[in-house]
Amino acid sequence: MPSDENLSLEIAASAARLVVEEGLEYGPAKQRALKSLGLPRRTALPDNELLEEQVREYLAIFCADTQPAELLALRELAALWMERLAEFRPHLCGAVWRGTATRLSPIHLQLFCDDSKAAEIALLNWRVDYEVGSTAGPRGQSVDQLILAAPCRALQESVTLALTILDHDDLRGALKPDSRGRSERGDLAALRRLLAEEAAAPKPASPPP
């Protein structure tokens, strides 16, 4: 019988494949992994840090030739929308911010608003179609999430853009790093620094013909 540590790693590896290949969010991917491995629903699930490690490993092995360009396209699109939504203090989070996104990944922006309906009004004024959903807020409460399809010229398809509506006061604790010192989200200036770093990074040499 595998140890708890080995079992968590097996679940995380299975979930990572679903995250990358099907664009699933971490929670649903873990549940699907349990089912595909034939494990009881009450089995302890790996934490998000272990799952993210497995996602990065999967990307490095199977998607190294495509993922960097897809991530760049998503980050550039996120920057455009953050400029457009600047009055709502947008912060990028999720896979696009953390660097694990592929073309299947949604762009997650958190908006820290003085008026919870102001972002909806802006989308209506811009004649942007969207759906209203909900997600868990920073204190576990349910908050509105506006879902829309954002055309991405670089990928030649539309990308899901999820706008989570938070209170301005929630911004105070939002920039705390995770247990490994990595930030969970960043504003437009931070995203632009990432893009500049990527542009300046040396590109791997092409293999000889």
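**Exercise 1.** Which residue just after H6 takes a positive phi?

Solution. The structure is a predicted model, in which local features need pLDDT of at least 70, side-chain atom pairs count only at pLDDT 80 or more, and totals for chains, interfaces and linings use all residues. Residues are numbered from 1 along each chain as its sequence is written, and side-chain values use heavy atoms, with hydrogens and water left out.

Step 1. Helices (H or I, at least four residues) and strands (E, at least two) are DSSP runs, numbered from the N terminus. Helix H6 covers residues 118–125.

Step 2. Just after H6, Arg127 has a positive phi of about 55°.

**Exercise 2.** Find the order of the strands in the sheet and its edge strands.

Solution. Step 1. Two strands pair if DSSP finds at least two bridges between them. The order is S3-S4-S5-S2-S1-S6, an open sheet of 6 strands with mixed pairing.

Step 1. Strand S3 (131–136) and strand S6 (185–186) are the edge strands, each pairing on one side only.

Step 2. Cys93 has Arg185 in S6 as its bridge partner.

Step 3. Val132 stands opposite Leu146 in S4. The two strands, S3 and S4, form a hairpin with 5 residues between them, and Gly140 in the turn has a positive phi of about 85°.

Step 4. Buried means under 20% relative accessible area, exposed over 50%, and partly exposed in between (1.4 Å probe, protein chains only). Of the 6 residues of S3, the number buried is 0, so S3 lies largely in the open.

**Exercise 3.** Determine which face of H6 is buried and what packs against it.

Solution. Step 1. H6 packs on the sheet, touching strand S2 (107–113), S3, strand S4 (142–152) and strand S5 (157–167). Contact means heavy atoms within 4.5 Å. The direction of H6 makes about 30° with that of S4; axes are lines fitted to C-alpha atoms, for helices over the stretch in contact, and angles run from 0 to 180 degrees between N-to-C directions.

Step 1. Ala119, Glu120, Ala122 and Leu123 of H6 are buried. Seen down the helix axis, the buried residues of H6 fall within an arc of 160° (taken from the directions from the axis to the C-beta atoms), so they line one face of the helix.

Step 2. The buried residues of H6 pack against helix H4 (67–84), S2, S3, S4 and S5. On the other side of H6, Leu124 and Asn125 are exposed.

**Exercise 4.** Locate Arg89 and Gln156, and state whether each is buried, partly exposed or exposed.

Solution. Step 1. Arg89 lies in the loop between H4 and S1. Its phi is near 50°, a positive value in a residue other than glycine. Arg89 counts as partly exposed, at 25% relative accessibility.

Step 1. Gln156 lies in the loop between S4 and S5. Gln156 is not a glycine, yet has a positive phi of about 60°. Gln156 is exposed, with a relative accessible area of 74%.

**Exercise 5.** Describe the packing of helix H3 (residues 48–62).

Solution. Step 1. Buried residues of H3 include Leu50, Val55 and Tyr58.

Step 1. The buried residues of H3 pack against helix H1 (4–22), helix H2 (26–36), H4 and helix H5 (94–98).

Methods: The expected span of a helix is 1.5 Å times one less than its number of residues.
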